[in-house]
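The exercises below are to be worked through with the sequence and the coordinates at hand.

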There are 2 protein chains.
Amino acid sequence: MMINETLKVLEERFSCGAFTDELPEKEKIEAIAKAAVESPSGTNAQPWRITVVTDKDLLSEMENETIRMMSQIPAYKGFYDVVISTGMKLFYNAPCMIVLPYDAQDPYAKFDCGIASQSIAVAAQSLRVASHIIAINEVAFMGEKAAYFKEKLQFPENYEFGLAVLLGNAAATKAPHQPDLEKIIYVG
Amino acid sequence: MMINETLKVLEERFSCGAFTDELPEKEKIEAIAKAAVESPSGTNAQPWRITVVTDKDLLSEMENETIRMMSQIPAYKGFYDVVISTGMKLFYNAPCMIVLPYDAQDPYAKFDCGIASQSIAVAAQSLRVASHIIAINEVAFMGEKAAYFKEKLQFPENYEFGLAVLLGNAAATKAPHQPDLEKIIYVG
């Protein structure tokens, strides 16, 4: 199989399950955010924001509200029970989170959010910054604190929470998932 | 700003508007498809397929059906008129298209499709293969030929068209779009 620097980065990227407290260098975070805004999007609408959150109190508040809301939504009850019984940190102790809100009036914006979040994960991996794309904290935007978080994170009007990417230094490495080549189909 | 091989690839990637007839080397296509299945997805569900289409007749059929359907959907009428009046090639003459159908029962699958399509675009750029992520051919899956295309492309049950990535050699290069750094917000 062909290989080069970037293919190696794509291959080595993994969803980090444990971060150290230490914030990655500012220059790295800036380079990662720049890669995000270089992403393609439908008709180049760029229907997202790249919101870099390093405010520890705000991250804790969001984590707590996510857990509280999970307890109230039947679909999340199973995961909630795991979090409570294991004391697992929902944001894996990450010191930085890039939140990607999206324009809810753009029918392609969820695809575009996915695209930009992978730019972030790939750029991070290339700088040996660990990442984890998450969606679970969407529930923090479904309760009575929704308006508060949207204001804190400066969501534009009509924007909703899409995805978030946790960033930091890995406290423990994890092997990337084994790629399932059977999901590739050739119609030639 | 920090730079490395991968950040340069992310920066140089552009949505190609004109491909040559020539199919990129098989080894490159395989490496690109492998990068796609290495992508992260919600709970690692991998709710997509990576369907590599190099059948010219099938690509033409899909292009023609897309144009025909565009003429029938009011939202696409303006773009349809442009295509007809300019004779523009909707698939930009690309010799290869990776279609990404997604599991319509997975609420995060559109995000995951976006993530995988950016893996494809980035891997391609690293190999100097040009790319263009498109969604317009979704309309070919909205008319009477929907079942035909789904069968030809081996969509699993309950899968719908998500995105497609055109691949090939660039007949003309285009500058990447200027990144809009104002879309980056720091909440620190």
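**Exercise 1.** In which loop of chain B is B:Asn169 found, and which residues is B:Asn169 in contact with, leaving aside its neighbours within four places in sequence?

Solution. The model is a predicted one. Begin with the position: B:Asn169 belongs to the loop between β4 and β5 (184–187) of chain B. Next, list the contacts beyond four places in sequence, which are B:Ala18, B:Phe19, B:Thr20, B:Glu22, B:Pro24, B:Arg128 and B:Ala130. Finally, look for a polar contact between side chains, and one of 3.2 Å is found to join B:Asn169 and B:Glu22.

**Exercise 2.** Determine how β3 of chain B (residues 130–134) is enclosed and how β3(B) is joined to β4(B).

Solution. Sort the residues by direction: B:Ala130, B:His132 and B:Ile134 point one way, B:Ser131 and B:Ile133 point the other way, and all are buried. Because five of the five residues of β3(B) are buried, the strand is largely enclosed by the rest of the structure. Then turn to the pairing, where five bridges join β3(B) to the antiparallel strand β4 (residues 159–168) of chain B; within this pairing, B:His132 stands opposite B:Leu166.

**Exercise 3.** Describe the span of helix α3 of chain B, the cap at its N-terminal end and the elements that cover its buried residues.

Solution. Helix α3(B) comprises 15 residues (56–70) and reaches 21 Å from its first C-alpha to its last, close to the 21 Å expected. The buried residues of the helix include B:Leu58, B:Leu59, B:Met62, B:Glu63 and B:Met70. What covers the buried residues includes β1 (50–53), α4 (77–86), β2 (96–103) and α6 (146–152) of chain B, together with β5 (184–187) of chain A.

**Exercise 4.** How many residues does each chain bring to the contact between chain A and chain B, and how many residues has the largest nonpolar core?

Solution. Chain B and chain A each bring 67 residues to the contact, and between them they bury about 6000 Å², of which 66% is on carbon and sulfur atoms. On the chain B side, B:Phe111, B:Lys183 and B:Val187 lose the most area to chain A, together 13% of what that side buries. The largest nonpolar core has 70 residues, and those with the most contacts inside it are A:Ile32, A:Ile50, A:Leu167, B:Ile32, B:Ile50 and B:Leu167. Apart from this core lies another, of 35 residues, among them B:Leu59, B:Met70, B:Ala94 and B:Val99.

Terms used
Residues are numbered from 1 along each chain as its sequence is written. Chains are lettered from A and ligands numbered from 1 in the order in which they are written. This is a predicted model: local features need pLDDT of at least 70, side-chain atom pairs count only at pLDDT 80 or more; totals for chains, interfaces and linings use all residues. Side-chain values use heavy atoms; hydrogens and water are left out. Helices (H or I, at least four residues) and strands (E, at least two) are DSSP runs, numbered from the N terminus. The expected span of a helix is 1.5 Å times one less than its number of residues. Buried means under 20% relative accessible area, exposed over 50%, partly exposed in between (1.4 Å probe, protein chains only). Contact means heavy atoms within 4.5 Å. A polar contact is a pair of N or O atoms within 3.5 Å; within protein, one must be able to donate a hydrogen and the other to accept it, and residues adjacent in sequence count only if both atoms are side-chain atoms. A nonpolar core is a set of buried Ala, Val, Leu, Ile, Met, Phe, Trp, Tyr and Cys residues joined through side-chain atoms within 4.5 Å. Two strands pair if DSSP finds at least two bridges between them. Buried area is the accessible area (1.4 Å probe) that two parts lose on being put together, summed over both.
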